[in-house]
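Please open the structure in your viewer and keep the selection panel at hand.

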Amino acid sequence: LPIDNIELVPFISTAGPASVEALNVTLLPDNPVKGTMTFTTPSKAMNGTALTALTKVEIYRDGTLIDTKTDVKTATQYSFDIDVPQGAHVFNVIAHNETGRGHDTEIEVFGGVDIPLPVTNVRYRWDASDDNKATLLWDAPGNKGVHGMDIPSITYNILSPMWGMMIDQKTGLTECQFEVTATMTAQSLVQRGIQAVSAGGKSTMEMAYINLGPAVSLDVYESFAGGAVNYPTWGVNGISGQARWSMYNSNPEIADAQDDDNGYAMCIAGENGGEDRLVSPAFDFSAQQPAYLHMWLFHSSKVNPATTLTIEATTNGLDFNDVSQPIRINDGTDGWKEHEIALSPLAGTRKAILGFRASVPDTQSRVIMDNLVIDHISGLTDVEADLNGGGITFATAAGTITITGAAGCAYTVHTPDGKLVAAGTARTGTHQITVAPGLYVVKAAKTVGKVAVN
């Protein structure tokens, strides 16, 4: 017969004393490793009978007996000086009578200098000319530590990844900023950790993901296919509440992807709602020709009317400014709708990041975005009117563009920078053109459209 996990514990008679009452440890204001312990001895045994006498009271710290008081009476308040070394401790006070030990009474006490709370509002600002340099910024946690005690002084450590862990890069900083440099030949999110440090210990680490390296050239296309991204430097920047952006697969109960590629970006929220910012890669807007953002949003008459998406931009990595009015998701329609935002304020800018700030008031509301394009072509409103009026439509599949309703009409296919890819006459009402994956401007008769081919 196998026997396992045997544990021997001391026998405690129910005739032993009950717990001491009102156990407390107060640190001395001028010496936080010293304190005063107070408690009241019990008047009854654990079985409820009245105690006639106590033989002793034992005081333990972290399981070690540190003091024994023998001149003690029942139902009496006592106060003793006690050492509270630096760090967190568990004190246990046990009263005894002639039958043996009583019931444990424990209290957790932190002694010495408190541990700082984490830093807040971690952010960064790009260097004006160097793509591989930024200033990391944060807000101090205040002079109250995790146990509510005053901290006389705080410094900061910067950590960087190495050998699969975060190790100290710089210690002892007294200002809430640090210059980060890298040698990235492709755009990347550079990781740094920040810890607040006191004589009592280190705070939990707050992470920063800093977009460094060269900007991505326009034109760009992001379809969120399969719930993933084409560019690895997308990020999320929480603003308030419980709202969070993420990438999702198609869900018939919510929405199918606009282009049937089983993926889109969506912001949802908890019961109390909130705001969250989906942060794009850094794009190159140095051309003087204005750029345009084209995107598909899923509109719904069922979501809260306060559900909106606002497009923002930052040219220094830090300060986001609106480049659009809030777009109402509940505009009285249901389904996917294409939107165009002029990015003319960014023309001539070395690089900029776009922010997609979603305001989601409750759990029943959401912002869903798909098929984002940034190029230098405008006029989608006119294109939509031509398509509806002329009956000519464009569709795409893997490696093909299909022109429908243009039999006998001449067509051309260009890249966004004007390079001719294909030209001819549509012989039938449904004409297919084989092309490589990419963005194209298609014209058939008087109808012009921009399409993306996977």
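Which residue in S34 does isoleucine 403 stand opposite? Select isoleucine 403 and look across: histidine 431 stands opposite.

Before continuing, note that this is a predicted model, in which local features need pLDDT of at least 70 and side-chain atom pairs count only at pLDDT 80 or more, while totals for chains, interfaces and linings use all residues. Residues are numbered from 1 along each chain as its sequence is written, and side-chain values use heavy atoms, with hydrogens and water left out.

**Stop 1: strands S31 and S34**

Select residues 400–404, which form strand S31, together with S34; the two strands run antiparallel and are joined by five bridges. Strands pair if DSSP finds at least two bridges between them. A strand here is a DSSP run of E with at least two residues, whereas a helix is a run of H or I with at least four; both are numbered from the N terminus.

Now show the side chains of S34 (residues 430–434), which alternate. Buried means under 20% relative accessible area, exposed over 50%, and partly exposed in between (1.4 Å probe, protein chains only).

**Stop 2: tyrosine 411**

Select tyrosine 411 in strand S32 (residues 410–414). Its relative accessible area is 9%, so tyrosine 411 counts as buried. Contact means heavy atoms within 4.5 Å. Leaving aside residues up to four places away in sequence, tyrosine 411 touches residues including Ile403, His431 and Ile433. Next, select alanine 255: its C-alpha atom is separated by 34 Å from that of tyrosine 411, 156 residues apart along the chain.

**Stop 3: glycine 263**

Move to glycine 263, in the loop between strand S20 (244–248) and strand S21 (264–268). Is this residue buried or exposed? Glycine 263 counts as buried because its relative accessibility is 0%. Beyond residues up to four places away in sequence, glycine 263 touches several others, among them Phe224, Tyr248 and Asp370.

**Stop 4: the whole chain**

Finally, display the whole chain, which contains one helix and 36 strands. Along its principal axes the C-alpha trace spans about 110 × 50 × 50 Å. Of the 454 residues, 44% count as buried.
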